[in-house]
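Please open the structure in your viewer and keep the selection panel at hand.

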Amino acid sequence: MIRATSLSYTYPVGTRPALRDITLSIGAGELVLITGPTAAGKTTLCYALAGILQHEFGGTFSGYLALRGRPVTEYAGVGELNRYVSMVFDDADSQLIFTSVEEELASGLETRIDSKQEIEKRIFDVMELCGITHLRERPPYALSGGQKQRVAIAAALAMDTDIIILDEPTSELDVAATSRIIEILKSLKEQGKTIIIVDHSLEGYRNVADRVIVMEEGHISREGTFDELFPEQQGSMKALYTDPDLTPYTPTDRPAIVRIDSLMKRYGTIEALNGISVTLYEGEFVAILGENGSGKTTLVKHLNGLLRPDGGLVHVRTLDATTAPVIDLVQQTGLVFQNPDTMLFADSVREEILFGLENIGASSPDQVIEEVLSMVGLSGLESTYPRHLSRGERQRLAVACILAMKPEIIILDEPTTGLDELESDRMMELMLTLQKKGHTIIMVTHNMRIAEEYAGRIIAMENGRIIGDYHNLKGRAS
């Protein structure tokens, strides 16, 4: 189905190959898991296998790549390739452009299927399969990160292609949704589909993947069965907030920094937050957990004015966050979005950080830029185009943009999405350092290991409510 021989590739403005001497063969009906550290070339390989590099990106190629026995370069562009291969990108936002979930699923089908009834049946079936029927009329921009991810997966599955490529398909999903997607992939494999998955999280794939490919620095470093390569991998994660090392939270004697009382937020008829009341204190490291759509991101967006409540009170220090100007709130509260690319728009690393500094009239911006880049380990990259950084580097750049504003509160929404374990721990070590300097850290996450190891306080949410508030005795910030 797919064959590559000595495939190498360098991006148009790249200085070193992103892929180096890739040789592989993937047969019909195989499910192959590709893993490896951040910036190993996994996503670039996916782009190549989907034909996107060759027909859209340009750059320098060598070697051979064929799909279904035909060289990729002989296809008449991505339009023809899309009849045989569909891809779910690691950034769901880049794929969701229509005004409702139903339109997203219908858009690709309308160019392939003449029967309106058949299109409607296909949409219904794939929505049922992915558990998103209740989102049918919702606009994608109003969905949680995990819900967007499921919609992007559903849109790819609706195309019913022979080859399906998924880049980090479970990165923003909770445990239940991840299990559901893996079961769907297992079923598709049994139907004869060829499935290629890029994922840092190996949990759940042991009995599904036929083969695992490990990439490092643009080449394949190891290849084999799951058991051969990862004999130590254990079973599914536990639900952290049932851990016996968590004890009911009791207020500290430190000053309160955030006070929320009876907070309500609706999206149309959907109650995203339903009577949230909680107080956060100076210098805490708080992890907020919960399933996709439980209200986690909606809650933290009220702390910097990105959202205003439909009822209740939100105070950040002395500011009334329900009415205070956003420019005042962002100097108290910095939010790093779950997708760093939504924050990055300038032509260089330096300009990204300078933008925020100019907005607040900061003095000595060059000194501040130098300091924050050193803190996040990006010194020397001032002139680099942000999109040429790895996912982990872009995440750290987004943090640097926030640190430059010197907020007391730093909020991270799914900060380890798409990062390997080493890069995830590097991000958390930075947060611990900032906490010790007096910052309050609030982290929305699905990563149970990260929450368990680092956070001193765990808040669990469900259906727009707080269902648990605990001290984490094992957390390094406790």
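**Aromatic rings and a helix**

Begin by selecting Tyr-11, which counts as partly exposed at 26% relative accessibility. The model shown here is predicted.

The structure holds eight aromatic pairs. For Tyr-9 and Tyr-11, the ring centres lie 4.9 Å apart and the planes stand at 80 degrees, so this pair is edge-to-face. Now extend the selection to Tyr-47, Phe-57, Phe-61 and Phe-89, which form one aromatic cluster together with Tyr-9 and Tyr-11.

Next, display Arg-70 and Tyr-75: the charged end of Arg-70 sits over the ring of Tyr-75, 4.2 Å from the ring centre. Then move to Tyr-249, where Arg-457 lies over the face of the ring at 3.6 Å from its centre.

Proceed to helix α5, residues 116-130. Its 15 residues should span 21 Å at 1.5 Å a residue, and the end C-alpha atoms are 21 Å apart, which agrees. Within α5, select Ile-119, Ile-123, Val-126, Met-127 and Cys-130, which are buried. Viewed down the axis of α5, the buried residues fall within an arc of 105 degrees, so they line one face of the helix. In general, an α-helix has 3.6 residues a turn, so residues three or four places apart point the same way.

Which elements cover the buried residues of α5? Among them are α4 (101-109), α6 (145-158) and α7 (175-190). Turn to the other side of α5 to find Gln-117 and Lys-121, which are exposed.

Note on methods. Residues numbered from 1 in each chain as written. Predicted model: local features only at pLDDT ≥ 70, side-chain atom pairs only at ≥ 80, totals over all residues. Heavy atoms only, no water. Helix = DSSP H or I, 4+ residues; strand = E, 2+ residues; numbered from the N terminus. Expected span 1.5 Å × (residues − 1). Buried < 20%, exposed > 50% of the residue type's maximum accessible area, 1.4 Å probe, protein only. Arc of directions from axis to C-beta. Contact = heavy atoms within 4.5 Å. Phe/Tyr/Trp six-rings, centres within 6.5 Å; stacked < 30°, edge-to-face > 60°. Lys NZ or Arg CZ within 6 Å of the ring centre and 35° of its normal.
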